[in-house]
Amino acid sequence: MTTISNVTAQTNQLNFLKVKAFEHQLDDVMEIIDTAELKIRLNEVEENFKKDPHEMNKVRLGIVYHETALNLSFFSKTEFKGYAKKSFDVLSELFNSTFTTKELLPFVASYRASALSLVGAETKTLKLLGEAFALFDASVKNYATVSWLPEFLRGSVAENLPWFFFSKRKFARLDFQSIIDKHERNNDFANWKIMSFTYWAWAKQRQRKKYRMQAVSYLDKSIALDPYYKAGRKKAEELKANLIK
């Protein structure tokens, strides 16, 4: 099995070890589903950035703004509006800077694309959704060999699109399968939290009888990976209950 320690990505010559080291530093601001925890983290990250606006704190700020937009702004009429745009602006500054550490670009580029899709959803501007997917496509092309994030975020956006976006909805099936394939080849590719979400998302896309056994197997994996309900377990349990009726 290929391990993360002895591989250097050919695309952009990004080093796996450095990308994974940054992922560990960013993990606490990514994929936060507990809204109370998210509000606490938002305040902490903003305060830390004010005190020390260095590169890593700026990336953390852009990501936590994205999580705020995703999990809080659509449930609030005023308080958390505009966070998607704030995320996009912060991450765009990093993306366009020649000084940004290249191993941070998988995170910057992927969340930048997702933030733009959230701006489009919040403002109901379909043009921005198309632009977001162009950014996603570039992110996947450039960074999917070193990080699960480009495909994970593109798939996550795609699975929530209305049916008439069928040309983009296809990525929900393709991207989560791709992450599973890479994780099977290298079990250091994605962490437990991401795989819990990924196995659930794969099963969500394949609920027909022909996929039933594999879907239930993946849902069991999603549940087992998430004993404290920090990732996909709750939704996986609900979907499994429906599939085995």
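Which helices each supply at least two residues of the lining of the largest pocket? Before I answer, a word on what we're looking at. This is a predicted model, where local features need pLDDT of at least 70, side-chain atom pairs count only at pLDDT 80 or more, and totals for chains, interfaces and linings use all residues. Residues are numbered from 1 along each chain as its sequence is written, and side-chain values use heavy atoms, with hydrogens and water left out.

Okay, the helices: α3 (55–71), α5 (105–123), α6 (126–143), α7 (149–158), α9 (192–205) and α11 (233–243). Helices here are DSSP runs of H or I, at least four residues, numbered from the N terminus. With five residues, α5 gives the most.

Now the rings. There are 10 aromatic pairs in the structure, meaning rings of Phe, Tyr and Trp (its six-membered ring) with centres within 6.5 Å; planes under 30 degrees apart are stacked, over 60 edge-to-face, the rest tilted. Take Phe133 and Phe136: centres 5.6 Å apart, planes at 65°, so they're edge-to-face. They sit three residues apart in α6, so about one helical turn separates them. Buried or exposed, our Phe133? Buried, at 3% relative accessibility, and Phe136 is buried too, at 0%. The cut-offs are under 20% relative accessible area for buried, over 50% for exposed, and partly exposed in between, with a 1.4 Å probe and protein chains only.

Phe133 also has Lys168 over its face, 5.8 Å from the ring centre. That counts if NZ of Lys or CZ of Arg is within 6 Å of the ring centre and within 35 degrees of the ring normal. Likewise, Lys86 lies over the face of Tyr65, at 4.7 Å.
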